[in-house]
Amino acid sequence: MSVLQNALQEFWTAPVLHSGPHVQLYAEELTFTMVAFAHIAALHSGQRFAWLLPCSTVTMESGRFQGPGWLTIETVPINVFGLSRRCLARSSVCALGGPLEFRLEPPADRAPSGATSLRQWLGGKTYESASVAFHEANRQLLKLWMRKKDTRQIVLDDDFAVELVIEHLQDRDSILTRCLFDRDRCQRLHDVIRRLQSELPAALVRYPTDMFWLVRNGRTRKLRLVDNRLVEDGMDSGCDSVPMHLPVILEMLRQRKLYPNTYIIFFASAILTGSRLLGGVRQALYMNGLTRSFSEVLSARDADERAVLRVLHDPTLHGWVAGAAWANADDWRQLLDFSQAQGALDKVIDRLAGETLQAASADFQRIRYSREIATLSHPNSAESAGVAV
């Protein structure tokens, strides 16, 4: 049996995809946290494979010196590819083509040694796209940081999600095809998700695009569903738009001119397969509502949809996932030190895997956004948000 067959066989005994990370360098603190947690979870479950489904539709610069195009080392922002901020702000990971090379050049007056180590490890090679560059670089980092090989990692991304959605849509009678291309049901799906968005503060539920992302000029663009057509956000409905016709959508997916949005990915990869997506703290607050939203669109009249409805249930809250298993300053010194990096992630995993969850996550005080989310969700009771603070 091949490695992939073994991995798939094991996956279906406990189908969990870690969907919290973005496609970027594992040397980014929060991304590293989620990757380490995925391996710890696999070890504790007696599994050999950790499955990740990171997002690649994100913009290269999502805020000032933030996003996949940047890496902060010792408080110093490092430009990963040496691209201008204008280019980064106008490019998405999944759509940014090459040639690209890891420059990792810090400002002249501040040069953390970690940037030099990363440049030695990752520089000197040209990549055809940002996605390929990040995946290849992260494989190199894991090869360096993990020597014990107790667990292996399988990384999927939005290109995998595209292929998964295509497979569903090639069956004209699949549940996903019915929900998207029966005009009334598609509109109902759109409406119930919009209603979910209105029930929680915008900081918690991000629904920027309807059904799909449009790729144009190296960047994903928001779409609005108007009269069964997808219109680019900010454009007049009379401008060029994408009709919600199955052959058109299929061809644009194949050409990577469209990418499914988060909720379509969730529907295809979790609801219809029985898998679980393990993400960040925001997911803990919108997941239950999203699951209920899909249940409103499915019909008990169809046997296959009735079967999905029978097993559809609210997932357990897991708001701590994005903040459990933080590496400390000593860990980072080893991870980014050319002479100490071999097996450094193994040491982090060994140390954290032996601790209680509360101890590993500093009694939950380091969870990103936890206080903000708890306050927005339930102003009078932080604890009731399902996020330990």
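Me: Which backbone oxygen does the side chain of Thr177 reach at 3.4 Å?
Reply: The side chain of Thr177 reaches the backbone oxygen of His168 at that distance, 3.4 Å. A polar contact here is a pair of N or O atoms within 3.5 Å; within protein, one must be able to donate a hydrogen and the other to accept it, and residues adjacent in sequence count only if both atoms are side-chain atoms. This is a predicted model, in which local features need pLDDT of at least 70 and side-chain atom pairs count only at pLDDT 80 or more, while totals for chains, interfaces and linings use all residues. Residues are numbered from 1 along each chain as its sequence is written, and side-chain values use heavy atoms, with hydrogens and water left out.

Me: What does the side chain of Thr177 reach at 2.8 Å?
Reply: At 2.8 Å, the side chain of Thr177 reaches the backbone oxygen of Asp171.

Me: Where does Thr177 lie? Buried or exposed?
Reply: Thr177 belongs to helix α7, residues 175-181 (helices are DSSP runs of H or I, at least four residues, and strands are runs of E, at least two, numbered from the N terminus). Thr177 is buried, at a relative accessible area of 5%; buried means under 20%, exposed over 50% and partly exposed in between, with a 1.4 Å probe and protein chains only.

Me: What about Asn228, where is that?
Reply: Asn228 sits in the loop between β10 (223-226) and β11 (229-232). Asn228 counts as buried, with 16% relative accessibility.

Me: Which residues does Asn228 touch, beyond those up to four places away in sequence?
Reply: Asn228 touches Arg183, Pro243 and Met244, where contact means heavy atoms within 4.5 Å.

Me: Changing topic: which residues touch the most other members of the largest nonpolar core?
Reply: They are Leu169, Leu180, Leu189, Phe212, Ile249, Leu253 and Leu258, in a core of 58 residues. Such a core is a set of buried Ala, Val, Leu, Ile, Met, Phe, Trp, Tyr and Cys residues joined through side-chain atoms within 4.5 Å.

Me: Which helix gives the most to this core?
Reply: Helix α10 (residues 262-271) does, with eight residues. Apart from that core lies another, of 52 residues, including Ile73 and Trp145.

Me: How many disulfides are there?
Reply: The count is zero, a disulfide being a pair of cysteine sulfur atoms within 2.5 Å. For Cys94, the nearest cysteine sulfur is that of Cys55, 8.0 Å away.
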